[in-house]
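Keep the model open while you read.

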Amino acid sequence: MKRSKNKYSFGNLYWRLSAAFLVILTLIGVAYVYITIHHSAEYFNKVSQLLNRNVATQIVKDTKPFKNGKVDTAVLEEMFRHAMAVNPSLEIYLLDTQGKILAHSVPENKIILDKVDLKPVTEFISNHGTKYITDNDPRDVNAKKVFSAAPVVTDKILEGYIYIVLASEEYVAISQLLSGDYLMQVGLRTMILTLLAALLIGLVIFRVFTRNHRKIIEVMQKFREGDINARIKIKSTGDTKQLAESFNEMANILTQNLDKVNAIEMLRRELIANISHDLKTPVSVIQGYAETLQMKELTLADSDRRRYINTILQNTQKLEKLVNELFELSKLEANQVVPKKEPFSISELLNDMYNKYQLIAKEKNISLETELSKDLPPVYADVSLIERVMQNLIDNAIKFTPEGGMIMIRTHRYDNHVEVIITDSGIGIPESEQDKVFTRYYRTTDNFMDLKESAGLGLTIAKKILELHNSSLKFMSKENSGSSFSFSLPVYKTK
Ligand code: ADP
């Protein structure tokens with residue numbers, strides 16, 4: 001038998017869950033580092049803008065960049081130098097009222113844009129720099145940078161703007177390098193630590209969670225290896241409980257079915273033994289008498305010869321009856337008999353049976369009587385099969401009623417049915433034996449009859465036939481008082 005993998009193999013649920021968990025944790029860690037780095041850059045920019053929001057206003061207060069409507073280059077150069085000395089990360093631009101760059105503190109060859117969008121600038125001024133806003137970086141077409149800006153007003157006339165890019169190119173490069181590196185390191189360490197801790201906790205939790213699962217697999221393996229009494233005993237809830245219960249139920253059904261199969265197998269063996277026995281007895285009788293006839297052909301008296309031939313005939317009939325009954329029952333049990341239902345008069349059938357059995361009953365000094373309801377409607381059934389049922393029941397009644405007894409055939413109409421009742425004053429069936437009556441080959445142990453007369457198949461056949469009519473065979477019996485067998489048939493419905 002192919003053995004399953006070791007319970008610690010990496011294919012089992014526990015390791016699969018752990019691996020999936022590790023992958024999830026790694027993904028979360030990477031996402032965490034990425035989001036932290038991304039958002040920290042924005043955070044630095046916001047801080048920088050808030051801290052430096054008044055720089056431009058301060059510069060405008062100290063310096064007059066226009067003289068008689070023209071750019072005062074000398075004043076500006078001085079201001080640029082001064083400002084850059086204090087904070088080299090600042091890039092200062094003088095804009096006209098349309099946003100055009102008039103002068104700047106940046107080397108000429110680095111300027112790409114000649115204009116700055118004034119919309120964010122005016123918004124910044126009206127908000128006093130409290131809102132996070134970005135605008136053009138003249139050195140980079142695609143970049144949006146934080147800035148500080150202030151209007152240049154001379155004699156209440158707006159002459160332009162001082163526009164300062166706060167995170168200069170160098171500043172951005174250095175801060176990104178530092179922050180990226182720093183955050184990367186912090187992020188990685190946090191991630192690795194969190195990962196390890198979570199993994200450790202996860203491994204323990206999964207171990208606990210899959211414990212029942214492992215137990216279930218162990219029991220299933222035991223069951224597969226032949227221990228049919230192995231059942232899952234776990235304290236669990238939810239799916240695992242359902243799984244365990246389903247397995248236990250399935251195992252119970254399987255074992256029950258196995259018991260049934262074993263019982264059927266036993267019955268089958270018993271049946272073969274019984275059949276062989278029942279066939280053997282008449283066959284050896286026939287053989288014995290036939291041999292005697294052959295041997296003593298000339299010396300045998302006429303009366304003996306007749307007796308021998310009679311015995312042979314009786315046993316041949318017995319054999320024939322037995323074989324026929326066996327054949328009949330096997331056909332019924334294989335569902336090969338389909339009743340040909342038709343409406344017929346049950347009274348007529350019962351009267352015919354009465355006439356047929358009257359003589360036989362008389363021979364045994366048994367009084368056979370009928371008490372049939374008047375105007376019985378036709379019933380709907382297979383007439384020859386029902387005749388077979390009646391035959392078996394009356395045969396039994398005669399067989400098990402001693403001389404001087406009585407047999408009564410009655411009918412009873414109720415709802416849309418006619419009930420047929422055969423009562424005898426015979427030996428009855430002991431209470432302890434009553435549940436075996438419909439078992440194939442059952443015969444009460446203390447039958448006063450010659451056992452060879454009966455095969456124990458009659459009632460089984462009758463029961464099967466009635467089942468084919470969706471009916472059943474009922475009986476009541478009292479030892480030494482008599483028995484009463486009954487069945488019902490549906491009344492034929494005219495449309
Ligand atoms: P058989 O009559 O061939 O033995 P049945 O299946 O007809 O087989 O009956 C089974 C057994 O039930 C009989 O052997 C007998 O012990 C018991 N039985 C059936 N009918 C009666 C009856 N009317 N009175 C007493 N016992 C009966």
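Helices here are DSSP runs of H or I with at least four residues, strands are runs of E with at least two, and both are numbered from the N terminus. Before going on, note that this is a predicted model, where local features need pLDDT of at least 70, side-chain atom pairs count only at pLDDT 80 or more, and totals for chains, interfaces and linings use all residues. Residues are numbered from 1 along each chain as its sequence is written, and side-chain values use heavy atoms, with hydrogens and water left out.

Back to that phi. Most residues other than glycine have a negative phi. N335 is not a glycine, yet its phi is positive. N335 sits in the loop that runs from helix 8 to strand 8 (342–344), and it counts as exposed because its relative accessibility is 59%. (Buried means under 20% relative accessible area, exposed over 50%, and partly exposed in between, using a 1.4 Å probe and protein chains only.) N470 also has a positive phi of about 55° without being a glycine. Its place is the loop between helix 11 and strand 13 (474–478), and N470 counts as exposed at 72%.

Now for helix 8 itself. Its 32 residues (302–333) reach 46 Å from first C-alpha to last, close to the expected 46 Å; the expected span is 1.5 Å times one less than the number of residues. Its buried residues include Y308, I312, L319, E325 and E328. The buried residues of helix 8 pack against helix 7 (238–295), helix 10 (383–399) and helix 11 (458–468).

What is E328 in contact with, leaving aside neighbours within four places in sequence? The partners are R388 and I461, where contact means heavy atoms within 4.5 Å. E328 counts as buried because its relative accessibility is 19%.

On to the charges. Side chains of opposite charge can pair when their charged atoms come close. A salt bridge here is a side-chain nitrogen of Lys or Arg within 4 Å of a carboxyl oxygen of Asp or Glu, and the whole structure has 13 of them.

| Salt bridge | N to O distance |
|---|---|
| E78 and R81 | 3.0 Å |
| K131 and E123 | 3.0 Å |
| E325 and R388 | 3.9 Å |

E325 is buried at 6% relative accessibility, and R388 is buried at 16%. K321, E325, E328 and R388 are linked in a network of salt bridges.

E78 and R81 are both in helix 3 (residues 73–86), three residues apart, or about one turn. E78 counts as partly exposed at 45%, while R81 counts as exposed at 52%.

One last stop is S483, in strand 14 (residues 482–490). Buried or exposed, where does S483 fall? S483 is buried, since its relative accessible area is 6%. Its side chain makes a polar contact with the side chain of S477 at 2.9 Å; a polar contact is a pair of N or O atoms within 3.5 Å, where within protein one must be able to donate a hydrogen and the other to accept it, and residues adjacent in sequence count only if both atoms are side-chain atoms. S483 and D424 are 59 residues apart in sequence but 5.5 Å apart in space, C-alpha to C-alpha.
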